[in-house]
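Please look over the structure below before reading the notes that follow. The briefing is arranged by topic, beginning with a single residue and then turning to the chain as a whole.

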Amino acid sequence: LSIFEEECDDLMDRIETAARGDDSRALCRVTHAFKGMLGNYCSDPTVATVVEIEALAVLGKMDQARQKLPALRIATNRLRKAISRFGKSLDQGKSGS
């Protein structure tokens, strides 16, 4: 689960950098990578937001893609909290055995 934290921070930074830099090709690549990672965590709302951003980047609609970044940050933070709770429940299960 700690891998998620590391990868998520890196990918979110790269997404925001590409979006701010108006680099649609980089944004397509990094959102695609992020989408693949998120698929491992069954986070449909987060994946849906990334898919929207990726599609906008493919079309070169960078202003609209940038407008989706706050929603992606919110969805990602919700996923982080859920993963953290899950990790804590695993730790509690280990200490209770």
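Is Glu52 buried, partly exposed or exposed, judged by its relative accessible area? Glu52 has a relative accessible area of 35%, and it is therefore partly exposed. This comes from a predicted model, in which the chain holds 5 helices and 0 strands. Glu52 itself belongs to helix 3, which covers residues 44-58.

**Overall architecture**

- Read from the N terminus, the elements of the chain follow the order α-α-α-α-α, and the C-alpha trace extends over about 55 × 20 × 20 Å along its principal axes.
- Of the 97 residues in the chain, 36% are buried, while the accessible surface amounts to about 6000 Å², with 52% of that area belonging to carbon and sulfur atoms.

**Charges and salt bridges**

- The chain carries 15 positive and 14 negative side chains, and the centres of these two sets are 3 Å apart.
- Side chains of opposite charge can pair when their charged atoms come close.
- In this model the count of salt bridges comes to 8, and several of them are described in the points below.
- Glu52 and Lys68 meet through their side chains in a salt bridge, with an N to O distance of 2.9 Å. Because Glu52 lies in helix 3 and Lys68 in the loop between helix 4 (62-67) and helix 5, this pair ties together parts that are 16 residues apart in sequence. Lys68, with a relative accessible area of 29%, is partly exposed, as is Glu52 at 35%.
- Salt bridges with shared partners also join Glu5, Asp9 and Arg80 into one network.
- Arg73 and Glu16 form a salt bridge in which the closest N and O atoms are 2.7 Å apart. This pair links distant parts of the chain, with Arg73 in helix 5 (residues 69-95) and Glu16 in helix 1, 57 residues apart. Arg73 counts as partly exposed at 26% relative accessibility, whereas Glu16 is buried, with a relative accessible area of 17%.
- Asp10 and Arg14 are joined by a salt bridge between their side chains, at 3.5 Å from N to O. The two residues are 4 residues apart in helix 1 (residues 2-20), so about one helical turn separates Asp10 from Arg14. Asp10 is partly exposed at 37% relative accessibility, and Arg14 is likewise partly exposed, with a relative accessible area of 41%.

**Cysteines**

- A search of the whole structure for disulfides finds 0. Cys28 is in no disulfide, since the nearest cysteine sulfur, which belongs to Cys8, lies 19 Å away, whereas a disulfide needs a pair of cysteine sulfur atoms within 2.5 Å.
- Cys8 is buried, with a relative accessible area of 0%, and Cys28 also counts as buried, at 17% relative accessibility.
- Cys42, by contrast, is exposed, with a relative accessible area of 69%, and its place is the loop between helix 2 and helix 3. Between Cys42 and Met12, which are 30 residues apart in sequence, the C-alpha to C-alpha distance is 18 Å.

- Ile3 is located in helix 1 and is exposed, with a relative accessible area of 57%. The C-alpha atoms of Ile3 and Lys88 are separated by 15 Å, although the two residues are 85 residues apart along the chain.
- Asp22 is found in the loop between helix 1 and helix 2 (24-39), where this residue has a positive phi of about 60 degrees although it is not a glycine. The relative accessible area of Asp22 is 48%, and the residue is therefore partly exposed.

Note on methods. Residues are numbered from 1 along each chain as its sequence is written. This is a predicted model: local features need pLDDT of at least 70, side-chain atom pairs count only at pLDDT 80 or more; totals for chains, interfaces and linings use all residues. Side-chain values use heavy atoms; hydrogens and water are left out. Buried means under 20% relative accessible area, exposed over 50%, partly exposed in between (1.4 Å probe, protein chains only). Accessible areas come from the Shrake-Rupley method with a 1.4 Å probe; for residues, only the protein chains shown count as cover. Lys and Arg count as positive and Asp and Glu as negative; His and the chain ends are not counted. The place of a charge is taken as NZ of Lys, CZ of Arg, CG of Asp or CD of Glu. A salt bridge is a side-chain nitrogen of Lys or Arg within 4 Å of a carboxyl oxygen of Asp or Glu.
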